[in-house]
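Subject: Structure for you to look at

Hello,

Here is the structure I promised to pass on. Please open it and keep it beside you while you read my notes below.

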Amino acid sequence: MSSKFVLIRHDDRKMDELEELPDGEYDTIHEAIGGYITYMPKVYLPSKLPWRNKSRKLLNVILDEEGEMKSLPFNQRATLMLGGGYPILGDAILEIGEVVE
């Protein structure tokens with residue numbers, strides 16, 4: 001199974017919406033994030049993530065590299081989904097892998 005790339009927007013009005021990106025190509029990710037991208041350090045990532053009634057391996061979290069400099073808004077949903085140990089600013093993309101037990 002290939003990875004899925006899911007956009008978690010910071011906008012609280014769209015809390016129930018998750019947008020699956022068509023692919024994980026740089027241009028697609030760059031456009032969705034709206035700036036230079038960076039990968040969240042793996043030390044902050046949970047090993048698995050609940051996704052559509054199953055647990056899936058969380059491979060990467062992609063963020064706007066300049067989120068703090070741009071004063072992007074706090075993304076409560078993404079922060080909570082990832083366990084709350086690292087505050088997410090702006091939109092985030094989760095790269096989700098195969099189902100794990």
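Rings of Phe, Tyr and Trp count as a pair if their centres lie within 6.5 Å. Please note that this is a predicted model.

**The aromatic pair**

How many aromatic pairs does the structure hold? There is 1. The partners are Tyr44 and Tyr86, with ring centres 4.5 Å apart. Their planes sit at 50°. Planes under 30 degrees apart would be stacked, and over 60 would be edge-to-face. The pair is therefore tilted.

Now find the two residues. Tyr44 is in the loop between strand E3 (37-39) and strand E4 (48-51). Tyr86 is in the loop between helix H2 (76-81) and strand E6 (92-99). The pair therefore ties together parts that are 42 residues apart in sequence.

Tyr44 has 38% relative accessibility, so it counts as partly exposed. Tyr86 has 27%, so it is partly exposed too.

**Strand E1**

Next, look at strand E1, residues 4-8. Of its 5 residues, 4 are buried. The strand is therefore largely enclosed by the rest of the structure.

Which strands does E1 pair with? One is E6: 5 bridges join them, and they run antiparallel. Phe5 has Glu95 as its bridge partner in E6. Another is strand E2 (residues 19-20), joined to E1 by 2 bridges. These two strands also run antiparallel. Here, Val6 has Glu20 as its bridge partner.

Best wishes

How values were computed. Residues are numbered from 1 along each chain as its sequence is written. This is a predicted model: local features need pLDDT of at least 70, side-chain atom pairs count only at pLDDT 80 or more; totals for chains, interfaces and linings use all residues. Side-chain values use heavy atoms; hydrogens and water are left out. Rings of Phe, Tyr and Trp (its six-membered ring) pair if their centres lie within 6.5 Å; planes under 30 degrees apart count as stacked, over 60 as edge-to-face and the rest as tilted. Buried means under 20% relative accessible area, exposed over 50%, partly exposed in between (1.4 Å probe, protein chains only). Two strands pair if DSSP finds at least two bridges between them.
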